[in-house]
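Let us walk through this structure step by step. Keep the sequence and the 3D view side by side as you read.

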Amino acid sequence: MSIFDQLNKPGAEAAAPKPSEGSFTFVFQALPESVEALRALPEAALDTPYKTAALTICALCAYAAAPEIGRKMLNFLKGPAPLSPYEISFLNDRFRDGKHIPFSYFAGAVPENSYTPTAPYKVTVFSNPYSFQNEGWATLHLNSGGADSPRQIKLRLKPSEGKWYLSEQMIMVGIRTPQKDDPWA
């Protein structure tokens, strides 16, 4: 028997199990302030795409306060494909107009309170029927207190590690202006 006999046979490689569908709420007593603090959280196992998505919100909140720390956190969540110069430029541009966007994904953060969530910080990540269409990929959704429709985060499984990494986020987009900054409020 040749070592190459199994290469093209169906089922030669086990398919990764499909993640559970549904809605998952994550609760953080405090937001991590360093990549070490992020890595110490149980969600940092990155063994479900939902955990990685929830930690992405935490990392973006850190980016709002301290971009270098946020970049380190996001690079941890991106695994083998760190932030590109384009992604860094995009994030810097998004934060130029305000630092409230990532906080809007926590429960209770709305324009009326300037997107100020209270501890414990709760974020809900959910799937829909199309979230797991492509094997090894997930497109998950989050609701913002400042938007009418859910936003998406795309994640990718690294099968050799069994970990889900951030591929791209579509959550740093415009939301309603905080009431205190809205001249029309």
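Start at Ser 114, which is partly exposed because its relative accessible area is 21%. Here buried means under 20% relative accessible area, exposed means over 50%, and partly exposed lies in between, with a 1.4 Å probe and protein chains only. The model is a predicted one, where local features need pLDDT of at least 70 and side-chain atom pairs count only at pLDDT 80 or more, while totals for chains, interfaces and linings use all residues. Residues are numbered from 1 along each chain as its sequence is written, and side-chain values use heavy atoms, with hydrogens and water left out.

Ser 114 sits in the loop between H4 and E2. Helices (H or I, at least four residues) and strands (E, at least two) are DSSP runs, numbered from the N terminus. Phi of Ser 114 is positive, near 55 degrees, although the residue is not a glycine. Tyr 115 also has a positive phi, of about 55 degrees, and is not a glycine. Tyr 115 lies in the loop between H4 and E2. Is Tyr 115 buried or exposed? At 2% relative accessibility, Tyr 115 counts as buried. Most residues other than glycine have a negative phi, and most peptide bonds are trans. The loop between H4 and E2 also holds Pro 120. The peptide bond from Ala 119 to Pro 120 is cis, with omega near -5 degrees.

Now turn to the sheet. Five strands form an open sheet in the order E1-E2-E3-E4-E5, with antiparallel pairing. Two strands pair if DSSP finds at least two bridges between them. Which strands are at the edges? They are strand E1 (23–28) and strand E5 (163–170), and each pairs on one side only. From one strand to the next, the twist averages 30 degrees. Such angles run from 0 to 180 degrees between N-to-C directions, and the axes are lines fitted to C-alpha atoms, for helices over the stretch in contact.

Look next at E3. Two bridges pair E2 and E3 in the antiparallel sense. Phe 126 has His 141 in E3 as its bridge partner. Strand E3 (residues 137–142) is joined by six bridges to strand E4 (residues 151–158), and the two run antiparallel. There, His 141 stands opposite Gln 152 in E4. Five of the six residues of E3 are buried, so E3 is largely enclosed by the rest of the structure. The ring of Trp 137 has the charged end of Lys 154 over it, 5.0 Å from the ring centre. A charge sits over a ring if NZ of Lys or CZ of Arg is within 6 Å of the ring centre and within 35 degrees of the ring normal.

Next come the helices. Helix H2 (residues 49–65) lies across E1, strand E2 (121–126), E3, E4 and E5, and runs at about 45 degrees to E1. Helix H3 (residues 67–78) has twelve residues. From its first C-alpha to its last, H3 reaches 16 Å, close to the 16 Å expected at 1.5 Å a residue. That expected span is 1.5 Å times one less than the number of residues. The buried residues of H3 include Gly 70, Met 73, Leu 74 and Phe 76. Helix H1 (35–39), H2, helix H4 (85–96) and E5 are among what covers the buried residues of H3. Contact here means heavy atoms within 4.5 Å. After H3 comes Gly 79, with a positive phi near 65 degrees.

Last, find the rings. There are four aromatic pairs in the structure. The rings of Phe 24 and Tyr 50 are tilted, because their centres are 4.3 Å apart and their planes are at 50 degrees. This pair links distant parts of the chain: Phe 24 is in strand E1, Tyr 50 is in helix H2, and they are 26 residues apart. Rings of Phe, Tyr and Trp (its six-membered ring) pair if their centres lie within 6.5 Å; planes under 30 degrees apart count as stacked, over 60 as edge-to-face and the rest as tilted. At 30% relative accessibility, Phe 24 counts as partly exposed. Tyr 50 counts as buried, at 3% relative accessibility. Phe 24, Tyr 50 and Phe 132 make up one aromatic cluster.
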